[in-house]
Amino acid sequence: MRFLGIDIGGANLKVATANGKFRITYFPIWKRFGELERELRKIGEEFEPDRVGVVMTAELSDAFSTKIEGVFKIAEIAQRIFKPAFLDLNGELRSYEDVLKDPRMFMASNWVASAKFLLKDGWRNVIFADMGSTTTDLIPITDKIEAGKTDYERLRRGELLYFGVLRTPIFYILPKFDVPLASEFFAIAGDAFVVIGDLNEEDYTCETPDGRGKDVGSCMRRLARCVCADLEEVGEDYIRAMAEAFKNAIIEKLESGIKRISEKFGLDMVLGCGIGEFLLRVATERAGLEYVSVEEEYGEVSNVLPAYAVAKLVEREEGTF
């Protein structure tokens, strides 16, 4: 049988089979929700799955008036196409009818898939860290998943850091360089990481703030806007220094978050994945902890770990739901 996992996020659609084939599609739900059914049907035609597992975070999008509305609408479309199993916040595969009864149990469930999969694979006493384009999860795992259930609770506990490698506004991480940065949507993390060479244009998969290019020059010009300047006013060396300062600031935030969870649960290993793994590794080393790469353990499918994880959970639990 062919098992497929689908992670319906606010900015990306991520799909993976249980044997490791995967795809990421930039899909800003706040702009394109009306196209979701068509996009999922295309996924079904491409992968031809026998069984499907679904997790979601897109319900938080302001395409919906409430998160409950988002869960209902997303689940209804998925049910119409796949009749899938939906993973709840307890890590259990449930039916569409269960979603209708208790929609809050299915909100922001993608990290649960990853954590439960890793737990079932024998990982214990680790901080599971997944840094994507928009957010970073820091999930404590002992002999069970220790994280809070809701995004609000995880934000409060420092287990959800609302910044990532591409879409985070520069001023959110770096409020001041030599002057205070403008609190405008002039430039994002992707611009900084392209400028200093940590990412290339192909990695910059989301839209740019000004709709212009993703080359180094275009990224520099957007970064200059953050200090209300043109590139010619401040110069390329200044912009590179700003990008490096942004990188250092984001690493410091990651290090602080990792240390806090490490001390709370007595954990000394980070199991990391995502497009931001290059930052997680440095932050972990600075925190004095051991770093293990999910990609080195499981391959490139680590880039879509929640989708892969729910596909594996469906495969392993086939016939039990």
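Buried here means under 20% relative accessible area, and that cut-off is handy for strand β10, where M269, L271 and C273 point one way, V270 and G272 point the other way, and all are buried. Bear in mind that this is a predicted model.

**The six-stranded sheet**

- Six strands make up an open sheet, and reading across it the order is β3-β2-β1-β4-β5-β6, with mixed pairing.
- The edges belong to β3 (22-26) and β6 (93-94); each has a single partner strand, so one side of each has no neighbour in the sheet.
- Further in, strand β4 (residues 51-56) and strand β5 (residues 85-87) run parallel and are joined by two bridges.
- If you want a spot to look at in that pair, G53 sits opposite A85 in β5.
- Helix α2 packs on this sheet, where it touches β1 (3-8), β2 (12-17) and β3, and its direction makes about 20 degrees with that of β2.
- Helix α3 (residues 67-82) packs on the sheet too, touching β1, β4 and β5, with its direction at about 170 degrees to that of β4.

**E39, in helix α2**

- E39 belongs to helix α2, which covers residues 36-47.
- Is this glutamate, E39, buried or exposed? Its relative accessible area is 7%, so E39 is buried, given that the cut-off for buried is under 20%.
- Setting aside neighbours within four places in sequence, the contacts of E39 are L13, R23, T25, F27 and R32.

**I77, in helix α3**

- I77 lies in helix α3, and at 8% relative accessibility it counts as buried.
- Which residues does I77 touch, leaving aside its neighbours within four places in sequence? They are F33, L36, E37 and L40.
- For a sense of scale, I77 and E159 are 82 residues apart in sequence, and their C-alpha atoms are 30 Å apart in space.

- Strand β10 (residues 269-273) is mostly covered, with five of its five residues buried.
- In a regular strand, side chains alternate between the two faces of the sheet.
- In β10, M269, L271 and C273 go one way while V270 and G272 go the other way.
- Strand β7 (residues 126-131) runs parallel to β10, and four bridges join the two.
- β10 also pairs with strand β11 (residues 290-293), again in the parallel sense and over four bridges.

- Helix α5 (residues 110-120) has ten of its eleven residues buried, so the rest of the structure largely encloses it.
- The buried residues are N110, W111, V112, A113, S114, A115, K116, F117, L118 and L119.
- After α5 comes G122, which has a positive phi, near 100 degrees.
- The axes of α5 and helix α14 (residues 305-316) come within 8 Å, crossing at roughly 60 degrees.
- The two helices, α5 and α14, are therefore oblique to each other, and the crossing is left-handed.
- On the α5 side, the residues that meet α14 are N110, A113, S114, K116, F117, L118 and K120.
- On the α14 side, they are L305, P306, Y308, A309, V310, K312, L313 and R316.
- Sorted by class, the contact of α5 with α14 has nine nonpolar, two polar and four charged residues.

**Helices α11 and α12**

- Helix α11 (residues 236-265) and helix α12 (residues 277-286) have axes that come within 8 Å and cross at roughly 60 degrees.
- That angle makes α11 oblique to α12, and the crossing of α11 and α12 is right-handed.
- From α11, the residues in the contact are K247, N248, I250, I251, L254, E255, I258 and K259.
- From α12, they are L279, L280, V282, A283, T284 and R286.
- By class, the contact of α11 with α12 comes out as eight nonpolar, two polar and four charged residues.

Key. Residues are numbered from 1 along each chain as its sequence is written. This is a predicted model: local features need pLDDT of at least 70, side-chain atom pairs count only at pLDDT 80 or more; totals for chains, interfaces and linings use all residues. Side-chain values use heavy atoms; hydrogens and water are left out. Buried means under 20% relative accessible area, exposed over 50%, partly exposed in between (1.4 Å probe, protein chains only). Contact means heavy atoms within 4.5 Å. Two strands pair if DSSP finds at least two bridges between them. Axes are lines fitted to C-alpha atoms, for helices over the stretch in contact, and angles run from 0 to 180 degrees between N-to-C directions. Angles under 35 degrees count as roughly parallel, over 145 as roughly antiparallel, 65 to 115 as roughly perpendicular and the rest as oblique. A crossing is left-handed if the near helix is turned anticlockwise from the far one by less than a right angle, and right-handed if clockwise. Ala, Val, Leu, Ile, Met, Phe, Trp, Tyr, Cys and Pro count as nonpolar, Asp, Glu, Lys and Arg as charged, and the others, Gly among them, as polar.
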